[in-house]
Amino acid sequence: MTPHLSAIVTLHNEGVLAHTALNSYLQSRRFARDEGFHVQFVFVLDNADPQTKAVAMSHPMLDGSETFLETTHGDPALARNSGVAATTGDYICTLDGDDLISRRYFTCHLIEAARLDPNVVLHPEVVVSFGMFNAFNWQVDQAGQYFDADSLLTINPWIIAAFAHRSVFESTPYRACMPKVSGFGYEDWHWNCETISRGSVHRLAWGSVYVYRRKLQGSLNETSHGLRSVMPPTRLFQVDSLWASREVGHVL
Amino acid sequence: MSSEFSRRVTGRIARLLRSVANRLEFSSTPSQGAIAPASVWTPPAMPGWVAEELKALAYIEPELLPANDSVDRFQFYSVPVDSAPGCAYRTLINAIGAASPSHIIMVPWLKAGGADRGAIYHVRAIAEANPGASVLVIATEDAESPWAEKLPPGVRFVEFGKATRGLDFNKQVVVAIRLLVQLAPQTIHVINSRVGWECIARHGLALSQASTLYASLFCDDYTSRMVPVGYARDYLRTTLRWMAQVFTDNSEAPKVWARDLGIDASRFTVLPFPYDRPIPPLSTVDAGASPSRVLWAGRLDRQKRPDVLAAIAEAMPDCQFDVWGDRVMGPADPAIARLQALPNVTMHGAFSRLEDVVSTDHFAYLHTSAWEGVPTILFDVAAAGLPICAPMVGGIPDFCDREDLVERFDDVDAFRSRLELMRSSFDLRQSLRKKQWDRLADTRRWAHFVERLASIEGYFHRASQAGRGGA
């Protein structure tokens, strides 16, 4: 049976924190199954350290349907792309290896996707950050009144967790940034811009929560920021793009 | 009274929150890391359904709700929204148009000045040597650029400083970086643009992926306490690793930066600026004539030491001084006031080209200055056949023999003696005229400048990198 959804979880050096992440993700799978949805997991172990690998592969809630993929990219964008290639679901979502999600996270996304255009990208409605700082926010609906297209130049409005039909991920792969080598970073921001430039609209999966672990150090975004990386060129900001050519105040 | 107090307290808290939020906006990760500008409205509480989810997840993650079951510690925040940089960027990218530039030259502005002349020389040289080049000049300061009209036809000129008016410096740099990343020219050349220098300092590694980076430096400036300052001192140490070449117009400045900053002097290319007009044959002068006037022409600012000029004029009351140039210092400045009060000084005001103000009544061109690269006006003076009296500062010895210069820029007696000698000796004047003209013809020809630039690999064209970059 073709999965309704393939969840790609990228793991690197999360260590024991991967255990709680998988507790949460696999719990959400159970809730989805209870409502009739088939969720496939693809765990991408990209240069994963031995502890992370052991924690993930021996998790007690695994049922044998999961795919484990070991890669040596050393880059989250390429790791996710490898994950996409290993998925078989109609829809794909991306998750980091040390966060948590609400119980009906997958279900909310699948229900919302079913009633929207297949080119849509979904993000969780609410993000709760914990750890280094504790806060919550609503993410912005690109089709809603709070979305400001011009601010895409200076800020990434959405977190890394994205959900879309597999055709979106296949037509717009993540771009490898390798911040230390290239000076470029923020591959998720870049992906968001690229998908918008290709006509995707970023909406919200109402009723879903992403619980984002804010570590003191070690996150990729912090690496990008610490290295003063800059987002690679994107077609969204080219002169002939819909974004660049629209009139002031016009929505995308 | 209590409502006034309450209003004040509320306003104060709101201002404080806004100030914290503004600081966080660019110091935090762009993805979700920042707190939006606060306002006086009450932040929304966490919805009950989200709190319920957290309580359910607390069984999985012990750090989520430690110690108690409360979600109160989770404060509302929103991602900061700022349209202005994006809006400015769109204005600029649409003004630039669809054709990708091969070369981007970043300048503060294009107006009367030596560095501005130099920037235009670079653009002309690129356009001449590589007719297929597409050159974009970006003026990063919010200022007029009357010399933009001197750019060769087909060169695009964009007033970045005006388009980003109202943005703080950080946001201007963000916009500039995005332009450079998106346009991905083969060559980026920064000439006295602080925004340009800052782009390379922050993102030189990324910019160097598609573009070869160059900069031009001339000399240090000095504070009122004569502490050397300027782009070289602000940026060289952090940016040199990304630079293919740093050009200077004189041989002295690299020695200073090597000595003071430990910069490898071999990373500099000394690129003498050319004389930008045909060099006329040296005119003959009447040996029997007795010219009695001194010409001073330049910008009346602190660097050019109008106080030294005034002291020299004061020391030579029998000699008339024609002083031409824009006044940067106000009339109340003591040096300007002193010049205006001297009976043997005529303050003429602004001038366009030296040829317009030089006459056969002048026996010398007096150049006063505390620091310099190689002042290009000396080329005009040499072409006009007027002997130069100048101090031995900066790159002036690149153009004038050391024995013909005054050793210290503030040695009024030495200037007076030198001028007296020049006034009294026709042979000395002739000798100086000949030496200056020969130096101009030998070292400042346009073709030399273009040839020198052509020898810099990749400056005019970077064939192996063509097509790289871009989205």
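**Exercise 1.** In this predicted model, find which strands of chain B helix H13 lies across.

Solution. Start with the helix: H13 of chain B covers residues 412–424.

**Exercise 2.** Give the strand order of the open sheet of 5 strands in chain B, and explain why S13 and S15 each have one side without a neighbour.

Solution. The order is S13-S12-S11-S14-S15, and the pairing is parallel. Strands S13 (345–349) and S15 (388–389) of chain B are at the edges; each has a single partner strand, so one side of each lacks a neighbour in the sheet. For S15(B), look at its link to S14(B), residues 362–366: 2 bridges join these parallel strands. Within S15(B), Ile388(B) stands opposite Tyr365(B).

**Exercise 3.** Describe the side of chain A that touches chain B, by elements and by residue class.

Solution. Begin with the count: 49 residues of chain A are in contact with 49 residues of chain B. Then list the elements of chain A that give two or more residues to this side: H1 (17–34), S6 (121–131), S7 (135–138), H7 (187–197), S9 (202–214) and H8 (220–226). S6(A) gives the largest share, 5 residues. By class, the side has 24 nonpolar, 17 polar and 8 charged residues.

**Exercise 4.** Find how many bridges join S7(A) to S1 of chain B.

Solution. For one residue pair, take Ala135(A): the bridge partner in S1(B) is Gln75(B).

Key
Residues numbered from 1 in each chain as written. Chains lettered and ligands numbered in written order. Predicted model: local features only at pLDDT ≥ 70, side-chain atom pairs only at ≥ 80, totals over all residues. Pairing = 2+ DSSP bridges. Helix = DSSP H or I, 4+ residues; strand = E, 2+ residues; numbered from the N terminus. Contact = placed C-beta atoms within 7 Å. Axes fitted to C-alpha atoms, helices over the stretch in contact; angles between N-to-C directions. Nonpolar A, V, L, I, M, F, W, Y, C, P; charged D, E, K, R; others polar.
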